[in-house]
Amino acid sequence: MKLLNTLLCGAMIACGVTASAAVNADSIASVADKAPTNVTANLRAGQAMYSVGNITRARQYLSRGGNDAQAWLALLDLEGYDFDGATARAEKYLASKHEAASEADALARKVLEQAETGRNMLDRVEKVIVIDSIVVDKPAFFKAFKISAPTGRITDTSHLPSAIRTAGPTSVYVSESGERMLWSRKDASGKMEIVESNHLADGSWEKPHAVGDHLQLGGDANYPFLLSDGMTLYYASNGDGSLGGYDIYVTRNDGDRYLNPQNIGMPYNSPMDDYLLAIDDATGVGWWATDRNRIPGMVTVYVFVPQELRDNYPVDGTPDLIDRARITSIASTHREGESYKKYLDAVRAIDEASEHGGEQGDFRFALPDGRVITDASQLTEPEARELLGEYLNQLGEFNDLKEELLSLRARYAKGDTSLAFQILEAEENIEQMRTQLSHMVNDVVKSEIRE
C-alpha cells in the first residue's frame with residue numbers, strides 16, 4: 001500500500017526486508033513485551049512487525065495499541081480480503097475521537113477507499129488457470145519470466161544504451177528486433193513514468209520520451225510489457241483506483257496515443273504490490289509477479305494460461321470466491337481432466353535452449369553505438385574483450401552471491417533468525433559488487449569506443 005510505504009520507512013512491500021530491519025523490529029517489540037499495557041510501545045511494535053511481514057505478531061501488538069491502532073488493524077483486515085471488516089473498523093475509528101490530521105486518520109480513509117475497490121473487484125474474479133508458481137528474489141524477479149524470442153525480452157536497466165540513464169527500480173522491455181525499448185524513470189515530480197526509445201538508422205537511440213502521463217493515474221507507472229501486436233501495453237501503477245500498492249493495468253495504442261488504462265482486476269491484483277504481467281503468444285503462457293504471499297525479500301511469480309475471452313466466477317455460486325481471488329490453491333484453478341503439460345513443456349524448452357546456448361550467447365551487452373554484444377569476439381578492441389571477460393567473471397560471482405542470499409533469506413523465513421547478521425553482510429557485499437560491476441561496464445565501453 002503506497003500510503004503505508006510513506007508512513008513506515010523500510011516497509012517490506014516497498015523494498016523488501018533487510019536483516020537490519022528485522023533486527024530493529026525485534027528490538028522495538030522487546031520494549032512492548034516489557035510494557036504490555038503501554039499503548040504507544042505496542043502501536044510501534046505492531047507497525048514494526050508489519051514492516052517486516054510478520055502479520056501474526058503485528059496483530060498481537062496492535063490489539064494492545066490503543067485507538068490509533070484500529071486504523072492499522074483495518075489495514076490488516078483489508079490485506080486479508082476482509083473488505084467488510086476493514087470498512088467497519090475504519091469507519092468506527094473515523095467516528096471516534098482522534099486527531100484529524102494524523103497518519104492513522106489518513107490510513108483509515110485510504111482503507112475505506114480501497115476496501116470499496118476490493119468489493120467491486122470481487123464481483124469480477126477471472127477464472128485464471130494457474131499452472132505453476134515460483135518464489136524468486138525480489139530485485140530481479142523478472143528473470144523468472146521465460147518468454148520466447150518472438151515475444152521480446154524483459155531485462156534490467158544495465159542493458160539500456162550507456163547514453164541513457166534512469167533511476168529507481170524498473171524493468172526494461174526490449175522488442176524482438178531489439179530496436180524498441182520501454183522502461184520507467186522518474187519524471188520532474190519524482191514519480192515513475194513509462195518511457196520509450198527506438199533505435200535510429202544511424203545506429204543511435206532516440207531521446208527517451210514519455211508514452212503518456214495519464215498512465216500514471218496520479219501515482220507511479222512502472223514495469224511495462226508490450227504484447228507482440230506492438231499495441232497492447234501491460235504495466236503496473238499505484239495511482240488512483242489501485243487496490244493496494246501497485247496494480248496491473250492494460251491499455252492499447254490506437255495509432256496516435258495510449259487509451260485510458262483499465263485495471264485488470266482479480267486474481268491478478270491484490271491488496272499488496274502486483275508488478276509485471278507478460279503474455280507469450282508463441283507458447284500460450286502468461287506470467288505475473290506479486291507480493292501477496294508476504295515472503296520477506298521475495299516475490300511470487302505465477303505462470304498461467306491466458307484466455308481469449310474473460311470468464312469470471314459467478315459471485316453467488318462460488319463459496320470460495322476469496323480463495324480464488326487470492327490464488328490460495330493452484331490446483332483448484334485447473335479444469336477437471338485437462339492436462340497443462342504442453343504449456344510447461346514449452347516453458348521448459350525455452351529454459352533448456354537458454355542453458356544449451358550458455359557459452360555462446362548467455363549475455364547481451366549493449367553499446368552506445370547501437371550494437372548488442374552477445375559474444376566477446378564481436379568487440380573490435382583486444383583490451384575491451386579482456387575487460388568484458390573480467391566483467392563476466394565478476395558477474396558470475398555476483399549471481400552466485402545473490403543465490404546464497406536467497407538461500408539465507410529462505411532459511412530465515414523458516415525461523416532461523418540467527419542468520420540476520422549474515423544476511424546483512426551478504427546484502428552489503430552485493431551492493432558493493434553492484435557498484436563495481438557498473439564501473440566495469442563503463443571501462444568496457446570506454447575501451448571499445450574511443451573518442
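Strands pair here if DSSP finds at least two bridges between them; strands (E, at least two residues) and helices (H or I, at least four) are DSSP runs, numbered from the N terminus. This is a predicted model, where local features need pLDDT of at least 70 and side-chain atom pairs count only at pLDDT 80 or more, while totals for chains, interfaces and linings use all residues. Residues are numbered from 1 along each chain as its sequence is written, and side-chain values use heavy atoms, leaving out hydrogens and water.

**View 1. An open, antiparallel sheet is built from four strands.** Reading across, the order is β1-β13-β12-β11. β1 (129–137) and β11 (274–280) sit at the edges, each pairing on one side only. From one strand to the next, the twist averages 20 degrees (angles run from 0 to 180 degrees between N-to-C directions of axes, which are lines fitted to C-alpha atoms, for helices over the stretch in contact).

**View 2. β11 runs antiparallel to β12 (residues 285–290).** Look for Ala 278, which stands opposite Trp 287 in β12.

**View 3. Helix α4 (residues 39–51) crosses helix α5 (residues 55–62).** Their axes come within 7 Å and cross at roughly 165 degrees. That angle makes α4 roughly antiparallel to α5 (under 35 degrees counts as roughly parallel, over 145 as roughly antiparallel, 65 to 115 as roughly perpendicular, the rest as oblique).

View 4. The protein chain averages 87, with 91% of the residues scoring at least 70.

Note on methods
pLDDT is the predictor's confidence in each residue, from 0 to 100.
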